[in-house]
Amino acid sequence: MTTGAVRRPGGVEVLAAVLVVALGLRVLGVDPLVTPQLRVGATVFVAVVVQALPFLVLGVLLSGVLTAYVSPLALRRVLPSRPGAAVPVAVAAGVALPGCECASVPVARRLIARGVPDAVALAFLLAAPAVNPVVLVATAVAFPDAPEMVGARFLGSFLTASVVGWVWARAGRAEWLAERVRRVPTTGDGPRWRVAAATARHDLVDAGGFLVLGGLAAAVLTTVVPEAWVAGLGEQVVLAVLVMALLAVVMSLCSEGDAFVAASLSALPLLPRLVFLVVGPAVDLKLIALQAGTFGRGFAARFAPLTFVVAVLCGVGAGLVVGL
Amino acid sequence: MTREVRNALLVFVGAVLVLIVADGTVLHYVRPGMAPLVALAGVVVIGLALLDVARDLRRRPEPADDDGHEHGSGRSAWLLLVPALVVLLAAPPSLGSDAVDLAGSRTVAVGRAPEEPLPPGDAPAIPVVDLVARAAASPDGGALAGREVTLTGFVVPARDGRGTDLARLVISCCAADASPVRVHLDDARSLVGPPGVGGDRWVDARVRLVPGTATRGTGFVPTVTVLDAVEVREPSPAYEY
């Protein structure tokens, strides 16, 4: 706000005004949730965001530490130099890191900023939420009568992350990622913990708004669409696979809870439900919004369809291999 | 968005996270195990903002620490206000019969039945999902055979429109994955009463399982005979896990 220019209301004033209006409405006892859809939608929206925020915070803290304490050289020493060989290593690293999909987005971003090849970081991004022990145990608990679902899910998600990584290594272009991704925050002087805090704060603000957008879209679509899609799909397996894949994108469930929803759709055969579990952690509305915010819209427009197609194919493939 | 606004926004969002854990609203949205993590996340968010504020207080602001592209992508940060305001203004309630309606035919998958005996005492309280799992596992409900138990749930119309069911929502991660579980009420004396209008009616119902009713044909919705019922307040948490 420079002196001399016409003074426009700044951010602080807007924030204060919004809070005062909100408080006023609260005091007047206005209840905006007037229809059943609004009530359910609002609860689902807040639930998605509240559930995801702790994981996003964990992710941005990790990305801060990564930026401040891990040198690009150390990363280069750990990873095989050829992206093609490094992709499976990154996927395996994802297995060992139990995280939510929201946590892995900022981490993948900072891996790229630290010089890790795009394809390798993206393979990690897909693997970390999908094939970690917590998710596999949850799947085993949700499908007590079909233990083969666990292996099939592992196989499908592992393949999805690897194949997308390899495709990106061959066909991906550096300029598809927003230029800011590669820039390192210029805190320069301060101690390392301050660099870590600045990076974490920056990533949180960058990603947080988009997480909200994704949660909003998921809540609206979850309330308006799905049950009618699923009813009566019973024996049409091909159609069921496609509908379940789309449903996974729409519902944006956390990867530790989606197995229970898949289990509850007991009218469907196992194969479409497996596809639901493979697609969900790899690509959903919440993730697309997060990725668009973090890596740029041009990136998300290419990465989301690629991941969706690969995940559906790998899910079906894994299901057929395991014999669902 | 300037750094001052961003920091104020982060403190506000962090405070809302801590607040909903403190007053228990968080149980409307996630399972109890997540609550400490939500509070911790709130504290971390506040801490990150205050670190920056503290630095501003100690010396004059210098070029933004965040490589100066505060405009553009920075604007999306305003969206963080939306869930915080929704929580403060509307305090979305726990999911109830609205969500059961929207869930259509989807019901909780009954996994392995609990093997432990029922709690001791006359008509012990057990989760609805526990009764359904036991009833689906064996025709007489195993440990339920001949026993009376107390169920807590809200009243909804039966799926075929005849009579009423007692329902509960089961969540595994957050309210977005809530799945309904229900028992059909054989309630000749209308002890339970009709579904609530303009809000759910919660009841504690003393019931006995009708053997052989949780079959594939009924969608694993067992029928129970109602022996007694009292209206109660919505429990917290309102979900089963």
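Trainee: Which residue in β3(B) is the bridge partner of V170(B)?

Mentor: In this predicted model, V170(B) has S179(B) as its bridge partner.

Trainee: How do you know that strand β2 of chain B and β3(B) really pair?

Mentor: Count the bridges: 6 of them join β2 (residues 164-170) to β3(B), running antiparallel. Pairing takes at least two DSSP bridges, so these two strands qualify.

Trainee: And what about β3(B) and strand β5 of chain B, how many bridges are there and do they run parallel or antiparallel?

Mentor: You get 3 bridges between β3(B) and β5 (residues 223-232), and the run is parallel. The cut-off is at least two bridges, so that counts as a pair. One spot to look at is D186(B), whose bridge partner in β5(B) is T225(B).

Trainee: Which strands make up the barrel in chain B, and in what order?

Mentor: The order is β1-β2-β3-β5-β4, a closed barrel of 5 strands with mixed pairing. From one strand to the next, the twist averages 55°. As for β1 (residues 149-157) and β4 (residues 202-209), 6 bridges join them in antiparallel fashion. Look there for L151(B), which stands opposite A205(B) in β4(B).

Trainee: Which strands does helix α5 of chain B touch?

Mentor: That helix (residues 128-137) packs on the sheet and touches β1, β2, β3 and β4 of chain B, with its direction at about 75° to that of β3(B).

Trainee: Over in chain A, why is α5(A) described as largely enclosed?

Mentor: Because 13 of its 13 residues are buried, the rest of the structure largely encloses α5(A). Just after α5(A) comes G115(A), with a positive phi of about 95°.

Trainee: How many residues do the two chains bring into contact with each other?

Mentor: Chain A has 64 residues in contact with 65 of chain B. On the chain A side, α1 (11-28), α2 (36-69), α9 (192-224) and α12 (258-264) are the elements giving two or more residues. The most come from α2(A), with 17 residues. By class, that side has 40 nonpolar, 14 polar and 10 charged residues.

Definitions and conventions: Residues numbered from 1 in each chain as written. Chains lettered and ligands numbered in written order. Predicted model: local features only at pLDDT ≥ 70, side-chain atom pairs only at ≥ 80, totals over all residues. Contact = placed C-beta atoms within 7 Å. Helix = DSSP H or I, 4+ residues; strand = E, 2+ residues; numbered from the N terminus. Nonpolar A, V, L, I, M, F, W, Y, C, P; charged D, E, K, R; others polar. Buried ≥ 20, exposed ≤ 12 C-beta atoms within 10 Å, placed from the backbone. Axes fitted to C-alpha atoms, helices over the stretch in contact; angles between N-to-C directions.
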